Amino acid sequence: MSSRTLPLLFINLGGEMLYILDQRLRAQNIPADKAKKVMNDIITTMFNKKFLEELFKPQELYSKKALRTVFDRLAHASIMRLNQASMDKLYDLMTMAFKYQVLLCPRPKDILLVSFNHMDAIKDFVKETPSILSQVDETYKQLIEMYTPLSSGEFQLIRQTLLIFFQDMHIRVSIFLKDKVQNSNGRFVLPTSGPVPHGTQIPGLIRMFSCSGEEVKKLQFRNGGNYTSALREGSFEMFGERVIKLGTNMYSVSRPVETHLSGTSKNSAQQKSVNTTPNPLAKEELNMLARLMGGLEVQKTSSVDNGFRVNLFATDEEEEEALISRPDEFSYDVINIQATKNQRANAELAKIMGDFTEEGEELCPSSASSKGDDLLAMMDGL
């Protein structure tokens, strides 16, 4: 597993979240000033200095539930509110969009170009707010410093780590289904046409060489696709043409987006029973969550009247039906961690961790606070 995958996963999922929310805010005719405040507040929180310091520390990926907890908090960093079903749909869209991009990356290193496409779009969202713009620019520098020196092998490890993270997620998305890049079972269709990766040649030719290195024979074969020569390499600098379009806004042309859960696998019951066993990484996940959430300085609204609800479904009835019909194995137990001060977070974390036994036995219910119960209930399901 690559220890440098988390920042790329977070930034790309965050970029997709902003694309979706921007599209929904426009579709619901939310006033421009409120929509701008939502985007600014979320981006400010995403690129909070303390939060990014924790995010960029080399660390392994954690569970989907832990990551979902961070994004739930992030989505509610402003005056906007999402019901549970809409938050589920938002997270499904985010994850499936980035999974598609990772699968289609011509080279593992191009995941960084996808990340820069998301960063370019985020920068455009806050181009009129210099203070937030400087936060985004600082993250560009961190990404360039951390990832541009990596070898192709290290990027391949990052790509494999991401694909392992996404491998059991097969949510059908209407845009992908209509464009025929996703099958009815939720699995993506890999193309056998288009430009080959930068630095490679179109397949179809075998060259044979002698012991002295002299070319002695050529054989041609049918490659089974319709490939074209590689495009020029995209820019890995703060400014420049990225060339590849993966990671750009697929909602720029307004069209409805629906998600549908594909059929559960025949092993889902077995997976569910295994998941009830406490994960040995639970303490590490608690550590990560406390540190990350401690850096998320969520904006508090002065009045409830200032807030508004965003629905990712066409109607409230559809949203309610989606919540009822969602299978348990696809639901996320979202927790609320009050960790705005590191000292307080550490004290609470120490108390929660004290309830763990070495062998993963039952927790002592009388000693845990309500927040601790919520945390442990989530971690028991990892």
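I started with His-76, which is buried, its relative accessible area being 15%. The cut-off for buried is under 20%, so His-76 falls inside it. I noted that this is a predicted model.

Next I placed His-76 in the chain. It sits in the loop that links helix H4 (64-75) to strand E1 (80-81). A polar atom of the His-76 side chain lies 2.8 Å from the backbone oxygen of Asp-72.

**Whole protein**

I stepped back to the overall picture. The protein has 14 helices and eight strands. It has 382 residues, and 47% of them count as buried. How much of the contact set joins residues at least 24 apart? Taking contacts between residues at least 6 apart in sequence, I found 78%.

**H1 against H5**

I turned to helix packing. Helix H1 covers residues 6-27 and helix H5 covers residues 84-104. Their axes come within 9 Å and cross at roughly 120 degrees. That angle makes H1 oblique to H5. Why not roughly perpendicular? The crossing of H1 and H5 is right-handed.

I listed the residues at this contact. From H1 come Leu-8, Leu-9, Asn-12, Leu-13, Glu-16, Met-17, Ile-20 and Leu-21. They meet Leu-90, Leu-93, Met-94, Thr-95, Ala-97, Phe-98 and Gln-101 in H5.

**H2 against H7**

I checked a second pair. Helix H2 (residues 32-46) packs on helix H7 (residues 130-147) at an angle of about 40 degrees. Their axes are 10 Å apart. Roughly parallel requires an angle under 35 degrees, so H2 and H7 are oblique to each other. Which hand does the crossing of H2 and H7 have? I recorded it as left-handed. In H2, the contact residues are Asn-40, Ile-43 and Thr-44. Their partners in H7 are Ile-132, Gln-135 and Val-136.

**Positive phi**

I then looked at backbone angles. Most residues other than glycine have a negative phi. Lys-180 is not a glycine, yet its phi is positive, about 60 degrees. I found Lys-180 in the loop between helix H9 (174-178) and strand E3 (193-195). Is Lys-180 buried or exposed? Its relative accessibility is 67%, so Lys-180 counts as exposed.

Val-243 also went on my list. Its phi is positive too, about 70 degrees, and Val-243 is not a glycine. The residue lies in the loop between strand E6 (226-228) and strand E7 (259-261). Val-243 is buried, with a relative accessible area of 12%.

**Gln-220**

My last stop was strand E5 (residues 215-220), where I found Gln-220. Gln-220 has 72% relative accessibility and therefore counts as exposed. Which residues does Gln-220 touch, leaving out those up to four places away in sequence? I noted Gly-204 and Leu-205. I also took the spacing to Ile-206. Gln-220 and Ile-206 are 14 residues apart in sequence. In space, they are 6.2 Å apart, C-alpha to C-alpha.

Note on methods: Residues numbered from 1 in each chain as written. Predicted model: local features only at pLDDT ≥ 70, side-chain atom pairs only at ≥ 80, totals over all residues. Heavy atoms only, no water. Helix = DSSP H or I, 4+ residues; strand = E, 2+ residues; numbered from the N terminus. Buried < 20%, exposed > 50% of the residue type's maximum accessible area, 1.4 Å probe, protein only. Polar contact = N/O pair within 3.5 Å; in protein donor to acceptor, adjacent residues only side chain to side chain. Contact = heavy atoms within 4.5 Å. Axes fitted to C-alpha atoms, helices over the stretch in contact; angles between N-to-C directions. Parallel < 35°, antiparallel > 145°, perpendicular 65-115°, else oblique. Left-handed = near helix turned anticlockwise from the far one by under 90°.
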